Amino acid sequence: MVVVIPMTFRTRKGAAELVGNVLMILIGISLIAEAFLIFIPISQKKMDQASTSYLEETLSSLADAIEVTALNGGETMVNIETKSRFTNPPIMKLEQDSNGEYRLVLKGQSKAIHYAATGVPLNDFLGPYNITGLTIQSSAVAKATGTLGVNKGVVVTGSSNKVSGGIRLNMEVTPRPIKDPSSSTGKITKIVFVPIPGKSTSSTLPTRISIKQTGESSELVNEGTADNPLMVSYRTLTVGVGFE
């Protein structure tokens, strides 16, 4: 019995140590797995935010390129990448708003809310419409007229809304009238988008956008009355937009 007791004690102690080691390993694996599951969504959100920041900068550059091309003529090509961080590659297309006027719309799916539910101007403090953002409208919404040297002639806006599986990201590039306050006739220049014949009106990113000035016209409009006329000079620059 003197011999058996120590052997039995050691065996139980060894088994207890083995069980303890296994439990420690399982706890460690569990903690690592939990940390990994927490880290992935945070990492994805950060990557989505980086991708959205890239799109903000790129669309702002696109808006500037459109304005320069409209004013100076010629043709400009703009490349837009995806950065490959969105759940699905964003889709960009030329579509009409409630006024029947064309704008460029980009839609993608993200993991993080970046903007409000209505269109927030990203490259200007004044939005393109006379409302706080433009959603689905049953009637036309007037464009907000900017001031030359103060506001952009082409505005980039962003909005977000929850959908199944994540967040829907909506970004738009919209032209709007710009008034020259130094003109005696209240000269207003406006850019109008039209589809380029033979080119696609939609594309999945990455894509290449063709911008081309296709026409220019001037018109003097009496926006007052016959007794009290208010003559306004309108210059319309037509810009063709298409995807390669």
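The model is predicted. Six strands make up an open antiparallel sheet, and the loop between strand E4 (120–121) and strand E5 (146–147) holds Asp124 as well as Lys143.

**The open sheet**

- The strand order of the sheet is E4-E6-E7-E3-E2-E10, and the pairing is antiparallel.
- E4 and strand E10 (202–204) are the edge strands, each of them pairing on one side only.
- Strand E6 (residues 154–163) runs antiparallel to strand E7 (residues 166–175), and 10 bridges connect the two.
- Within this part of the sheet, Lys162 has Ile167 of E7 as its bridge partner.
- In general, strands of a sheet pair through backbone hydrogen bonds, in either a parallel or an antiparallel manner.

- The side chain of Asp124 reaches the backbone nitrogen of Lys152 at 2.9 Å.
- A polar atom of the Asp124 side chain also lies 3.4 Å from the backbone nitrogen of Leu126.
- When neighbours within four places in sequence are left aside, the contacts of Asp124 are Val150, Asn151, Lys152 and Arg176.

- The side chains of Lys143 and Glu101 are joined by a polar contact of 2.7 Å.
- Lys143 and Arg176 stand 33 residues apart along the chain, yet their C-alpha atoms are separated by 6.2 Å.
- Beyond its neighbours within four places in sequence, Lys143 is in contact with several residues, among them Asp97, Asn99, Tyr129, Asn130 and Thr174.
- Arg176 is in contact with Lys143 and also with Asp124.

**The second largest pocket**

- The pocket is lined by 14 residues, of which Leu71, Leu148, Ile178, Thr189 and Arg235 are the closest to its centre.
- Helix H1 (4–72), strand E8 (178–179), strand E9 (188–195) and strand E12 (231–243) each contribute at least two lining residues.
- The most is given by E9, which supplies three residues of the lining.
- By residue class, the lining comprises seven charged, five nonpolar and two polar residues.

Conventions:
Residues are numbered from 1 along each chain as its sequence is written. This is a predicted model: local features need pLDDT of at least 70, side-chain atom pairs count only at pLDDT 80 or more; totals for chains, interfaces and linings use all residues. Side-chain values use heavy atoms; hydrogens and water are left out. Helices (H or I, at least four residues) and strands (E, at least two) are DSSP runs, numbered from the N terminus. A polar contact is a pair of N or O atoms within 3.5 Å; within protein, one must be able to donate a hydrogen and the other to accept it, and residues adjacent in sequence count only if both atoms are side-chain atoms. Contact means heavy atoms within 4.5 Å. On a 1 Å grid over the protein atoms alone, a cavity is a set of points where a 1.4 Å probe fits but cannot get out, and a pocket is an open set with protein on both sides within 12 Å along at least five of seven lines; lining residues have an atom within 4 Å of a point. Ala, Val, Leu, Ile, Met, Phe, Trp, Tyr, Cys and Pro count as nonpolar, Asp, Glu, Lys and Arg as charged, and the others, Gly among them, as polar. Two strands pair if DSSP finds at least two bridges between them.
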